Amino acid sequence: MARSPGHQVTKSLEGKSGGQLVTGVLAHLQSQKAPLFFLAAFLYPLIFPNKYFLDVFVSCWIFAILALGLNVIVGSVGLLNLGYAAFFAIGAYTYAILNVFFQMPFWAGLAIAPFVCAFAGFVLGFPAIRLRGDYLAIVTLGFGEIIRIIFNNLEITVGNNGLLGIDRP
């Protein structure tokens, strides 16, 4: 007698509580759909070469990666880091400044930006190394606000208008 693909899942979840059963079934479904999702995500720009949709698609992936990183910091490690976007801004402005003012190509700027972010992380982390809980949240929130104010008031970043003329990769 042929067994259905769901038989293995049902067999492995016998004796589990309702919450464990739902979690197990969802994990099985997600593991089955993940390769199809990534295949569709990578084929999308080839099938629909519209520049607007491609730009939105790339932005969604960038923010998804940002959210996954925040999930690791807050969810897995348990540290409430409210200045996570500040590092994102430091990396983005590093590339933009290198590209606009020094005509550095995308890949070279992409190689330098993480080191600038790491240096900023060291500057923030050195005095805040032993902080936990609310105190870490306050320090990282303050760091995020300081970075926002700095980038809004620097002449080189053109304030709220932002940098224009950044080359696409």
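Good morning. I shall begin with the second largest pocket, to whose lining helices α5 and α6 each supply at least two residues. Please bear in mind that the model before you is predicted.

Of these two helices, α5 provides the largest share of that lining, namely four residues. In total, 13 residues line the second largest pocket, and Asn81, Leu124, Gly125, Leu136 and Thr140 lie nearest its centre. By class, the lining consists of eight nonpolar, four polar and one charged residues. The volume of this pocket is about 220 Å³.

Let us now turn to the largest pocket. Its volume is about 1100 Å³. The elements giving two or more residues to its lining are α3 (51-77), α4 and α5. Which element gives the most? That is α3, with nine residues. The lining comprises 24 residues, and those nearest the centre are Val58, Ile62, Tyr95, Phe106 and Pro169. Sorted by class, 17 residues of this lining are nonpolar, three are polar and four are charged.

I come finally to the protein's interior. In soluble globular proteins, nonpolar side chains tend to be buried together. In this model, the largest nonpolar core has nine residues: Ala86, Phe87, Ile90, Cys117, Ala120, Leu124, Phe143, Ile147 and Phe151. At least two of the core residues come from each of α4 (84-102), α5 (106-128) and α6 (133-153). Which residues does Ala120 contact, leaving aside its neighbours within four places in sequence? They are Phe87, Ile90 and Phe143.

Thank you for your attention.

Note on methods
Residues are numbered from 1 along each chain as its sequence is written. This is a predicted model: local features need pLDDT of at least 70, side-chain atom pairs count only at pLDDT 80 or more; totals for chains, interfaces and linings use all residues. Side-chain values use heavy atoms; hydrogens and water are left out. A nonpolar core is a set of buried Ala, Val, Leu, Ile, Met, Phe, Trp, Tyr and Cys residues joined through side-chain atoms within 4.5 Å. Buried means under 20% relative accessible area, exposed over 50%, partly exposed in between (1.4 Å probe, protein chains only). Contact means heavy atoms within 4.5 Å. On a 1 Å grid over the protein atoms alone, a cavity is a set of points where a 1.4 Å probe fits but cannot get out, and a pocket is an open set with protein on both sides within 12 Å along at least five of seven lines; lining residues have an atom within 4 Å of a point. Grid points are joined across faces, edges and corners, and a volume is the space filled by probe spheres set on the points. Ala, Val, Leu, Ile, Met, Phe, Trp, Tyr, Cys and Pro count as nonpolar, Asp, Glu, Lys and Arg as charged, and the others, Gly among them, as polar.
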